[in-house]
Amino acid sequence: MIDPILTHTNSLSFTKLFEKQQKTALLWRCSTLEERSARLIKIRTWIEKNQDFIRKSLWEDFKKPVPEVDLSEIFPVTSEINHTLNNLKSWMKPQGISTPLAMIGTSAKVYYEPKGVALIISPWNFPFNLTVGPLVSALAAGCPAIIKPSELSPATSDLIQKMVNDLFQPEEVAVFLGEADVSQELLKLPFDHIFFTGSPAVGKIVMKAAAEHLTSVTLELGGKSPAIIDESADLNDAAGKLIWGKFVNCGQTCIAPDYILVHESKKERLLMELKVFIQKYYDPEFKGIEKSQDYARIIGPKHFNRLRSYLADAVSKGATLDFGGKIDESNCYLEPTLLSGIKDNMDVFNEEIFGPILPILTFSSLEDAINLINSKPKPLALYYFGENMNSKKVIQETSSGNVVINDCVLHFLHNNLPFGGVNNSGIGKAHGHAGFLAFSNEKGVLKQRVGVNNVTLLRPPYGMKAKNIIQSLIKWF
Ligand code: NAD
């Protein structure tokens with residue numbers, strides 16, 4: 001039975017529950033490896049038993065194909081849990097650190113203390129993965145959590161609420177459903193950490209609210225992630241990877257290649273290869289892509305209309321529709337679409353696309369491509385296809401969340417890589433150890449011996465001896 005406190009989304013019930021979770025946070029400050037692991041294992045068991053329920057919810061929300069649910073919603077979470085279970089003992093262990101000469105006689109360690117009550121606000125595009133993934137990190141770090149999933153993926157948000165109610169007491173983990181006003185009410189509370197995944201615009205609202213309580217934040221945001229296709233790239237290999245990375249989840253992926261920057265001498269060949277792969281992946285029998293079971297839909301009318309207007313804007317300003325463009329409003333269907341002839345006054349050049357439209361821009365020298373990327377807000381991901389020497393130049397001369405060489409999107413699945421953006425694309429990192437650290441306070445503990453020690457000599461009254469020691473410290477240490 002659902003605790004009545006969770007059915008009221010008002011400030012009183014939020015405060016009551018928050019206060020209960022604060023008590024839990026104090027108890028969990030001393031939680032053991034076994035207790036934290038048990039919480040993760042029960043989530044994994046629930047997922048294993050409810051895979052069909054998860055698949056059904058995502059189909060209901062935006063007809064997400066089952067293999068894509070398995071690969072991009074279930075696997076990342078179970079893999080995050082398994083990776084955490086394998087490493088949590090060493091992550092939790094206080095780390096001894098070496099003593100600098102000036103501090104000789106002391107010893108020091110870093111303790112990983114749970115920050116306390118966490119707020120997790122999540123988006124609709126990978127609604128299960130991007131809600132339960134951060135929850136795994138919070139629980140691993142020893143934090144109770146309140147979750148606010150997206151209102152735009154209601155079936156999956158209901159499923160997440162059911163999972164949490166099946167497994168946890170509300171004072172441990174609780175889910176509040178609702179729209180932006182629910183997040184805004186929750187954001188008034190003095191959480192110990194906020195983990196937000198969503199747009200840069202809402203990220204700013206979250207950070208402003210967090211500032212009121214000086215609450216730490218992890219902001220997993222979005223932006224325009226470019227894919228550079230250099231002169232030396234293997235175009236067939238690149239095209240196959242780009243088409244999957246762009247059109248999986250119907251392009252509604254924060255790290256999907258937002259636009260392609262291809263060397264001008266390779267544009268026509270690349271375009272041809274891209275079209276071949278769209279056909280091969282989504283319409284091998286020439287029945288029409290809309291018949292494919294492997295291509296999802298846009299989440300809802302708001303985003304469908306946004307994308308339709310980007311397309312109309314580009315075409316009206318002279319862009320060439322190289323492939324796709326077909327729409328079916330009643331099904332929120334937008335065909336995989338390739339555009340070229342992009343100008344800098346077009347929405348597709350300036351806004352995060354977050355849908356199945358792929359603009360193709362050209363460059364004549366790698367410097368030009370780098371300058372274009374550096375003229376825009378720092379992307380969440382940057383992809384480079386081509387030879388090694390130039391990839392080093394791109395890594396050094398651009399700033400982005402992550403870089404992938406000769407592939408795209410895959411870095412999300414690498415448990416040992418910190419995941420996240422920089423400035424406009426995000427603050428802080430997620431996944432694996434980085435996720436554990438996001439919910440932990442790295443508490444330095446210094447231990448001095450009792451009685452006389454080096455520092456005793458530095459106390460007042462400051463005689464010549466003390467002054468000489470201080471001068472030597474400045475000079476030598
Ligand atoms: P969004 O920012 O509109 O919404 C995210 C969450 O914030 C939802 O739960 C929503 O209810 C809540 N929210 C919306 N408006 C709010 C407000 N005014 N005040 C408080 N809360 C509010 O984002 P979205 O449309 O759900 O997701 C798309 C965005 O998320 C894209 O920009 C995408 O790049 C980004 N994203 C980033 C990552 C990442 O890992 N970095 C992953 C997925 C999506």
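In the predicted model, 28 residues surround the ligand, and the closest are K148, E151, S199, L221 and E352. A backbone N or O atom of S122 is placed 2.8 Å from a ligand oxygen atom. For W124, a polar atom of the side chain lies 2.9 Å from an oxygen atom of the ligand.

The protein is divided into two parts: domain 1 comprises 4-221 together with 429-441, and domain 2 covers 226-415. Taken over C-alpha atoms, the centres of domain 1 and domain 2 are separated by 31 Å. At the boundary, 24 residues of domain 1 are in contact with 20 residues of domain 2. The size of an interface is often given as the accessible area lost when the parts come together. Between domain 1 and domain 2 this buried area is about 2000 Å², and carbon and sulfur atoms give 61% of it.

Zero salt bridges are found by the rule across the interface of domain 1 and domain 2, whereas seven residue pairs are found in polar contact, both residues being at pLDDT 80 or more. On the side of domain 1 that touches domain 2, the elements giving two or more residues are α3 (51-62), α4 (66-92) and α5 (129-141). Of the elements on this side, α4 supplies the largest share, with seven residues. By residue class, the side of domain 1 that touches domain 2 divides into eleven nonpolar, seven polar and six charged residues.

Two features of the backbone were also noted. Most residues other than glycine have a negative phi, and most peptide bonds are trans. C250, which is not a glycine, has a positive phi of about 60°. This cysteine, C250, is located in the loop between α9 (235-247) and β9 (259-263). The peptide bond from P460 to P461 is cis, with omega near -5°. P461 belongs to the loop that runs between β18 (440-447) and α16 (464-476).

Terms used
Residues are numbered from 1 along each chain as its sequence is written. This is a predicted model: local features need pLDDT of at least 70, side-chain atom pairs count only at pLDDT 80 or more; totals for chains, interfaces and linings use all residues. Side-chain values use heavy atoms; hydrogens and water are left out. Domain bounds come from an automatic or database domain assignment. Contact means heavy atoms within 4.5 Å. Buried area is the accessible area (1.4 Å probe) that two parts lose on being put together, summed over both. A salt bridge is a side-chain nitrogen of Lys or Arg within 4 Å of a carboxyl oxygen of Asp or Glu. A polar contact is a pair of N or O atoms within 3.5 Å; within protein, one must be able to donate a hydrogen and the other to accept it, and residues adjacent in sequence count only if both atoms are side-chain atoms. Helices (H or I, at least four residues) and strands (E, at least two) are DSSP runs, numbered from the N terminus. Ala, Val, Leu, Ile, Met, Phe, Trp, Tyr, Cys and Pro count as nonpolar, Asp, Glu, Lys and Arg as charged, and the others, Gly among them, as polar. A residue is near a molecule or strand if one of its heavy atoms lies within 4 Å of it.
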